[in-house]
Amino acid sequence: MNGAPEVQPARGVGPRAAPGQPAKVAHVVLSLNVGGLERVVLRLLERTARDRFAPVVCALEEPGALADELARLDVPLVVLARRPGLDPGLPVRLAAWLRREEIRLVHTHNPGPHLYGAIAAGLARAASLPGGGGPRVVHTKHGRNYPKQKRKVLVNRLAAALTDRVVAVSDDARAVALEVERLDPAKVVTILNGVDTDVFRPGDAGAARARLAVPGSGYHVGCVARLSPEKDHATLLAAFARLREVRPDAHLSLIGDGPLRPALEQQAARLGLGGAVTFTGTRGDVAELLPAFDVFALASLTEGISLTLIEAAAAGLPIVATRVGGNPEIVEEGETGLLVAPGAPETLAAALEAVAVREDRAAMGMRGRARVIERFGMDRMIRAYEDLYAEVLGG
């Protein structure tokens, strides 16, 4: 899988679950708020084979907006309220919970949960009776995780030393793990994020635009992303204002919410965009809304591998995105979309205009969908994680 080494069984594996009993797997997260990481976790909870693995979620800060999904999935949730700053007591509390619940595998998601979860699993193993084993650790590296910040790199390296396998969700994330954090290559496995291509698929543009309450005609640019600094919606708005100078029929829909929404709404007003930009807030019906767009735009300054970008491609949309992180692994330049430098509104505007006039715009989107089906299928991701769990647990 993308040149990743074959997974080898972890050393020092504890005893297997009792015959007929699924192994308990604890997904350790900060919360289940809205985001790509959280949606990947939910898909794992939903689709991992329950006859083999029994999932539970441990949130270190708060349940989060998506926590209500757990009741539907019949997945238990525990919240261990982390104290502000570094909480040295948290690994002890987490270790006690792991032992009490007889957790066999700890699956951590992103740096904070990785550090606390890996230390806690080590403490739980140390407290077990001789030969009694204890929980093993798998960590998913959902992004680049601050490769230019030396302290965070060292923390990631420390946590990885206590971890059986580190999963990179893109070739870019794998490169950071190996070349920046200098992890043991035998520990690093690549599993690409997956989407359900039966859910995210081309649809009725007219119905989708009516659902969004946007104009039924014109060139419709869409973006689905949290309104936070790393997504750089400010550059997207500036680019869209330039696009409107040559495409006055253009409309922009921003699906998502976040701390920058008031500032972005003010920016749109200053640029004179008025009714040409729709801020939808968080929506739970993104799959039904994507067919409203003629092009999907993402101006991120940094990315791991964008789940919304994969979903947009699955929906048959051509893409204009920044050439950062794992984006070039999703967008095939000139074939399924266009890639531009980050923080450059002029270049972004030119790319959006270029897609607008391409005669093969629809075919561009369908080539992107074919690429997603080939590389980013949901079943492929689920099976890869199940195989990894089994290998780490020794069978």
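Reader: Which residue in E9 is the bridge partner of Cys223?

Author: Strand E8 (residues 220–224) and strand E9 (residues 251–255) run parallel and are joined by 5 bridges. Strands here are DSSP E runs of at least two residues, numbered from the N terminus. They pair if DSSP finds at least two bridges between them. In E9, the partner of Cys223 is Leu254.

Reader: What pLDDT do local features need in this model?

Author: Residues are numbered from 1 along each chain as its sequence is written, and side-chain values use heavy atoms, with hydrogens and water left out. The model is predicted: side-chain atom pairs count only at pLDDT 80 or more, totals for chains, interfaces and linings use all residues, and local features need a pLDDT of at least 70.

Reader: Which strands stand at the edges of the open sheet of 6 strands?

Author: The order is E10-E9-E8-E11-E12-E13, with parallel pairing. Each edge strand has a single partner, so one side of each is left without a neighbour in the sheet. These edge strands are E10 (277–281) and E13 (337–340).

Reader: Which residue in E6 does Val138 stand opposite?

Author: Strand E5 (residues 136–141) and strand E6 (residues 165–168) run parallel, joined by 4 bridges. Opposite Val138 stands Arg165.

Reader: Which element gives the largest share of the lining of the second largest cavity?

Author: Lining residues have an atom within 4 Å of a point. Here they are Val25, His27, Thr48, Phe53, Ala54, Pro55 and Tyr389. Strands E1 (23–29) and E2 (53–59) each give two or more of them. The largest share, 3 residues, comes from E2.

Reader: At what angle do H1 and H11 pack?

Author: Helices are DSSP H or I runs of at least four residues. Gly36, Arg39 and Val40 of H1 (contact: heavy atoms within 4.5 Å) touch Leu307, Thr308 and Glu311 of H11. The axes, fitted over the stretch in contact, lie 9 Å apart, and angles run from 0 to 180 degrees between N-to-C directions. H1 (residues 36–47) and H11 (residues 307–314) pack at about 70 degrees.

Reader: How is H1 oriented against H15?

Author: Val40, Arg43, Leu44 and Arg47 in H1 meet residues of H15 (residues 378–392), including Met378, Ile382 and Tyr385. The axes come within 10 Å and cross at roughly 75 degrees. An angle of 65 to 115 degrees counts as roughly perpendicular. That makes H1, against H15, roughly perpendicular.

Definitions and conventions: On a 1 Å grid over the protein atoms alone, a cavity is a set of points where a 1.4 Å probe fits but cannot get out, and a pocket is an open set with protein on both sides within 12 Å along at least five of seven lines; lining residues have an atom within 4 Å of a point. Angles under 35 degrees count as roughly parallel, over 145 as roughly antiparallel, 65 to 115 as roughly perpendicular and the rest as oblique.
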